[in-house]
Amino acid sequence: DLFELVCYFHPSSGINAEYGGVKAREGSLAIEDMDGGTFTVSNGGVFGSMFGTPIINLPQSAILGMHAILERPVALNGNVVIRPMMYIALTYDHRLIDGREAVTFLKRVKSAVEEPATLLLGI
């Protein structure tokens with residue numbers, strides 16, 4: 001399942017997800033810790049990025065770009081309202097990942113961001 005790739009470090013990195021998560025939170029995660037990974041999450045939002053197209057770096061098969069949450073006008077029930085919006089973008093290698101799976105993954109990310117309890121509770 002493509003969604004589960006986000007939760008784990010690549011086995012060839014020699015580190016497990018728990019250790020990698022600790023290093024990431026401490027700000028001590030090095031490039032070498034991510035070497036050989038096949039999926040990246042890029043958080044340009046911390047720098048204020050609103051849109052962007054992430055670029056795959058070999059040997060990656062995909063990269064998910066998550067951007068800033070900003071108030072934007074949105075149509076809701078025939079009215080224009082101001083809502084917090086975050087754009088996400090997935091760039092993937094079509095030789096390895098079919099569009100259907102990529103869109104399914106993006107929909108699951110959207111659901112997890114909108115309703116984190118569903119991810120935490122596994123529902």
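Predicted model: local features only at pLDDT ≥ 70, side-chain atom pairs only at ≥ 80, totals over all residues.
I begin with the aromatic rings. How many aromatic pairs does a search of the whole structure find? The search finds two.

The pair of F39 and F105 has ring centres 5.7 Å apart and planes at 85 degrees. An angle over 60 degrees counts as edge-to-face, so this pair of F39 and F105 is assigned to that class. F39 belongs to strand β1, residues 39–43, while F105 belongs to helix α3, residues 99–114. The contact therefore ties together parts of the chain that lie 66 residues apart in sequence. Both F39 and F105 are buried.

I turn now to F51 and Y87. Their ring centres are 4.8 Å apart and their planes stand at 65 degrees, so this pair is edge-to-face. F51 sits in the loop between β1 and β2, and Y87 in strand β3; the pair therefore joins parts that are 36 residues apart in sequence. As for accessibility, F51 counts as exposed, at 53% relative accessibility. Y87 is partly exposed, with a relative accessible area of 30%.

Finally, I draw your attention to the backbone. Most residues other than glycine have a negative phi. Which value does phi take at N77? Phi of N77 is near 55 degrees, a positive value in a residue that is not glycine. Where is N77 placed? N77 is found in the loop between β2, residues 62–76, and β3, residues 79–92. With a relative accessible area of 75%, N77 is exposed.

Note on methods:
Residues numbered from 1 in each chain as written. Heavy atoms only, no water. Helix = DSSP H or I, 4+ residues; strand = E, 2+ residues; numbered from the N terminus. Buried < 20%, exposed > 50% of the residue type's maximum accessible area, 1.4 Å probe, protein only. Phe/Tyr/Trp six-rings, centres within 6.5 Å; stacked < 30°, edge-to-face > 60°.
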